[in-house]
Amino acid sequence: MKRKYVAGIAVAAAVVVAGGTYAGVASAGASKTTTSLPGQASISSGTTLTVCSNPTPSWQDNFNPFDSSALGGTIGNVYQPLFYFDSVTGKQFNLLGTSFKFSDDNKTLTVQLRPNAKWQDGKTFSSTDVVFTFMELKRYPDADTNGIWQQLTSVKAAGPHTVVFQFKTANIPFAETYVLGSTYIVPEAQWKSLGDPTQAKITSQNAIGTGPFKVSYFSPQDYKFTANPLYYGGKPKVQTLSYPAYGGNQGADLALASGQIQYGGIDIPNIETTFVKADPAHNHYYFPPSEPVELYPNLHNPLLAQLPVREAINDAINRNVLSTKGETGYEKPGTPTSLVLPNDQAWEAPDLTPSEKAFTVNDKLAVQTLEKAGFHRGSDGIFEKNGQKLSFDLLTVSGWSDWDEDALLIKQQLQQIGIAVQVDQKDYAAYYNLIDPGKGQIPKYALAISWTNTGPTPYTTYYDMLDTNGNFNLEGFHNAAVDAALSNYSATTNLAQQKKDLYKVEHIVAQQLPVICLLDGALWYEYNDSQFTGFPTKQNLWIYPSPDSPLPASIVLSQLKPRT
């Protein structure tokens with residue numbers, strides 16, 4: 001189970017989306033495929049589609065796009081960025097922007113905005129809203145979680161439908177991923193009096209965006225959206241979206257199998273028997289490898305900061321057991337470089353050693369490594385040094401049954417080599433606040449199982465997870481060579497040079513273990529098409545399909561049609 005936040009970087013691709021072919025736009029001298037959302041006629045009859053990705057026992061009324069604990073659907077359904085760059089297909093979807101162009105050696109970015117977009121309260125959307133949103137990130141650095149103003153020098157309106165961004169240095173991947181694709185625009189008229197955007201109280205009563213669906217109902221057990229009649233792409237044909245609360249995967253699995261949920265992103269054991277067989281004509285799924293699932297060691301912990309400790313943990317984990325028991329065979333063991341294979345095969349360094357290409361289990365070596373580093377077993381069998389025991393909490397999300405099982409298996413495996421683990425299951429909001437408490441704050445965990453951010457190339461994963469300024473550097477890794485390699489990558493469009501830059505990162509990841517890769521995480525995706533059509537399929541994977549990523553999910557939902 002996972003939750004994703006960051007869209008990938010656009011690459012050229014042929015595009016056929018939901019039966020229509022859309023023209024590409026030029027950007028930075030390269031041809032890109034662009035999907036403009038087609039107009040849709042509204043329907044008169046009410047229809048409800050139920051969505052579930054992250055089973056949660058109850059909801060809190062929070063629709064603040066600057067808050068990482070905001071409810072699913074806040075992003076995408078309500079608040080939108082300028083563009084969406086799809087990590088699965090490489091397609092570019094025009095949202096609030098219609099085109100963009102780099103100039104001045106790629107340090108100036110000019111964006112053309114959609115002239116017919118409106119806020120959900122009927123007010124006109126314009127460049128002043130975009131400039132306001134970005135200036136809020138500058139005024140309140142705690143809201144700038146992606147480090148936008150570490151890269152920007154200015155953002156200015158050049159007319160009601162044009163915005164110009166000026167960068168300190170050329171960084172096309174960053175500009176596309178975070179400036180264009182991951183900054184969610186808010187209305188100046190509402191937000192200018194709210195102060196720090198991360199502290200603003202945005203509930204079901206006052207969430208106003210530009211997206212295809214409006215918040216219409218909230219309770220701790222369910223919240224709903226209705227189709228936005230002012231949406232620039234046309235009022236969606238799905239009239240109502242429902243997001244019920246579930247205490248864990250089991251209840252959600254049953255609801256999905258019985259057709260109560262039509263759009264899911266849940267790990268379902270024995271899915272052919274428990275889900276497909278219940279309605280073979282309409283219950284469908286697709287679980288391709290999607291991202292590395294990592295064991296994040298908090299490098300602020302003086303014990304976990306020691307490489308021998310991380311090496312011992314790494315050598316003791318049996319990923320084949322995690323794959324077969326924890327993930328019921330849906331996810332295969334990961335790689336020491338955190339590359340997802342075969343997806344990232346073209347980026348794998350040709351000179352990786354066997355130990356850098358694949359994991360082995362070696363308890364004897366793990367024990368020898370700890371002893372050589374000066375650790376000795378205490379009377380309880382747990383290794384210690386200078387009075388400090390190798391005893392750690394392992395954080396996971398309560399109710400995410402696959403990760404919970406993985407955590408218990410890791411506990412058992414590390415116990416065999418004299419490292420004690422206490423599995424700490426927290427509800428999702430508490431879990432996320434511990435691993436990512438906010439910009440400049442030290443995460444409050446020891447070990448944690450978590451996801452990574454991905455894009456069309458491994459650059460996105462490596463930058464977010466390992467760069468000093470990365471947006472998902474939960475472990476607190478700082479390495480000048482990694483920073484330099486990623487900076488070099490971002491300044492060139494030469495593929496051969498980009499590969500050389502990432503090869504350097506791969507060796508460092510495999511040797512220094514700043515994160516410990518566990519599995520190639522599957523993209524959980526199920527749907528029931530008895531009532532609605534237009535879902536992405538294995539044969540027509542027109543966009544990232546799972547609702548675990550709310551921005552592409554909103555595009556999927558806006559394009560579905562009820563069966564007549």
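A residue counts as buried under 20% relative accessible area, as exposed over 50%, and as partly exposed in between. All views below show a predicted model.

**View 1. Surroundings of Gln150.** With a relative accessibility of 33%, Gln150 counts as partly exposed. Gln150 belongs to the loop between helix H2 (127-139) and strand E9 (152-157). Beyond residues up to four places away in sequence, Gln150 touches Lys168, Lys439 and Asn469. Tyr184 is 34 residues from Gln150 in sequence, and the C-alpha atoms of the two are 18 Å apart in space.

View 2. The largest nonpolar core has 143 residues, of which Leu49, Leu82, Leu109, Phe134 and Phe165 touch the most other members. Helix H3 (residues 172-180) gives the most to this core, contributing six residues. When neighbours within four places in sequence are left aside, the contacts of Phe134 are Ile148, Trp149, Leu152, Val155, Phe165, Val179, Thr183 and Ile185. A second core of 15 residues is separate, and Tyr246, Ala255, Leu256 and Ile261 are among its members.

View 3. Strand E7 (residues 97-103) and strand E8 (residues 108-113) run antiparallel and are joined by six bridges. Phe102 is placed opposite Leu109 of E8. Four residues lie between the strands in the hairpin of E7 and E8, where Asp104 adopts a positive phi near 55°. E8 also pairs in the antiparallel sense with strand E10 (residues 162-167), over five bridges. In this pairing, Thr108 stands opposite Gln166 of E10.

**View 4. The seven-stranded open sheet.** The strands of this open sheet follow the order E11-E12-E13-E4-E14-E24-E15, and their pairing is mixed. Strand E11 (213-219) and strand E15 (283-285) stand at the edges with a single partner strand each, so one side of each has no neighbour in the sheet. Three bridges connect E15 with strand E24 (residues 526-528) in the antiparallel sense. Asn283 has Asn528 in E24 as its bridge partner.

View 5. The model contains 39 aromatic pairs. One of them joins Phe66 and Trp191 in an edge-to-face arrangement, at 5.4 Å centre to centre and 65° between the planes. Phe66 lies in the loop between strand E4 (48-52) and helix H1 (74-78) and Trp191 in helix H4 (residues 188-191), so this pair ties together parts 125 residues apart in sequence. Both Phe66 and Trp191 are buried. The ring centres of Trp347 and Tyr489 are 6.2 Å apart and the planes stand at 45°; the pair is therefore tilted. Because Trp347 lies in the loop between helix H8 (319-326) and helix H9 (354-357) and Tyr489 in helix H14 (residues 480-490), their pair ties together parts 142 residues apart in sequence. Trp347 and Tyr489 are likewise buried.

**View 6. An aromatic cluster and charges over rings.** Tyr296, Trp400, Trp403, Tyr428, Tyr431, Tyr432, Trp451 and Phe472 are linked into a cluster by ring pairs. Elsewhere, Phe359 has the charged end of Arg319 over its ring, 3.4 Å from the ring centre. Lys385 lies over the face of Phe375, and the distance to the ring centre is 4.5 Å.

Notes:
Residues numbered from 1 in each chain as written. Predicted model: local features only at pLDDT ≥ 70, side-chain atom pairs only at ≥ 80, totals over all residues. Heavy atoms only, no water. Pairing = 2+ DSSP bridges. Helix = DSSP H or I, 4+ residues; strand = E, 2+ residues; numbered from the N terminus. Phe/Tyr/Trp six-rings, centres within 6.5 Å; stacked < 30°, edge-to-face > 60°. Buried < 20%, exposed > 50% of the residue type's maximum accessible area, 1.4 Å probe, protein only. Lys NZ or Arg CZ within 6 Å of the ring centre and 35° of its normal. Core = buried A, V, L, I, M, F, W, Y, C linked by side-chain atoms within 4.5 Å. Contact = heavy atoms within 4.5 Å.
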